[in-house]
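Take a look at the chain below.

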Amino acid sequence: MTKWIHKSGNRNFTDTKAWAKTIEYNKELKKLINSVVTECNGCEACFDSVIGYIMHIESVTSELFDAIDRIKECKKRL
């Protein structure tokens, strides 16, 4: 990451909305993954009990990559 910051004029992008979104998405993913783990450890665990979480994880992951792409675009503009 240090090389990226150096190449970006020492700007680390942590003050951008896209960075704030990456933090939010990571927190949400952690909660969702913990929910899947908890659900899978239950006695009633089955695919149907976790598919909703898995689909939500997929959606949040897509949003996370979009936010990262926005940060990359900011980097290119420098």
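Two residues are in contact when heavy atoms of theirs lie within 4.5 Å. With that in mind, start with what covers helix α2. The cover over its buried residues includes α3, residues 47–77.

This is a predicted model. The chain has 3 helices and 0 strands. Read from the N terminus, the order is α-α-α. Of the 78 residues in the chain, 21% are buried. The accessible surface comes to about 6,000 Å², and carbon and sulfur atoms account for 56% of that surface.

Now follow α2 along its length. The helix covers residues 17–40, 24 residues in all.

Which residues of α2 are buried? They are Ala18, Thr22, Tyr25, Leu29, Leu32 and Val36. The spacing has a background. An α-helix has 3.6 residues a turn, so residues three or four places apart point the same way.

Next comes the core. The largest nonpolar core has 9 residues: Tyr25, Leu29, Leu32, Val36, Val50, Ile57, Val60, Leu64 and Ala67. The elements giving two or more residues to this core are α2 and α3. The largest share, 5 residues, comes from α3.

Leaving out residues up to four places away in sequence, Leu32 touches Tyr53, His56, Ile57 and Val60. Contacts across the sequence matter for the chain count too. Among contacts with a separation of 6 or more, 70% join residues 24 or more positions apart.

Turn to Ser49, which sits in helix α3. Its side chain makes a polar contact of 3.3 Å with the side chain of Glu39. Beyond residues up to four places away in sequence, Ser49 touches Glu39 and Glu44.

Last, the cysteines. How many disulfides does a search of the whole structure find? The search finds 0. A disulfide needs the sulfur atoms within 2.5 Å. From the side of Cys46, the closest cysteine sulfur is that of Cys40, at 9.2 Å. Cys40 is partly exposed, with a relative accessible area of 44%. Cys46 is also partly exposed, at 41% relative accessibility.

Note on methods
Residues are numbered from 1 along each chain as its sequence is written. This is a predicted model: local features need pLDDT of at least 70, side-chain atom pairs count only at pLDDT 80 or more; totals for chains, interfaces and linings use all residues. Side-chain values use heavy atoms; hydrogens and water are left out. Helices (H or I, at least four residues) and strands (E, at least two) are DSSP runs, numbered from the N terminus. The expected span of a helix is 1.5 Å times one less than its number of residues. Buried means under 20% relative accessible area, exposed over 50%, partly exposed in between (1.4 Å probe, protein chains only). A polar contact is a pair of N or O atoms within 3.5 Å; within protein, one must be able to donate a hydrogen and the other to accept it, and residues adjacent in sequence count only if both atoms are side-chain atoms. A nonpolar core is a set of buried Ala, Val, Leu, Ile, Met, Phe, Trp, Tyr and Cys residues joined through side-chain atoms within 4.5 Å. Accessible areas come from the Shrake-Rupley method with a 1.4 Å probe; for residues, only the protein chains shown count as cover.
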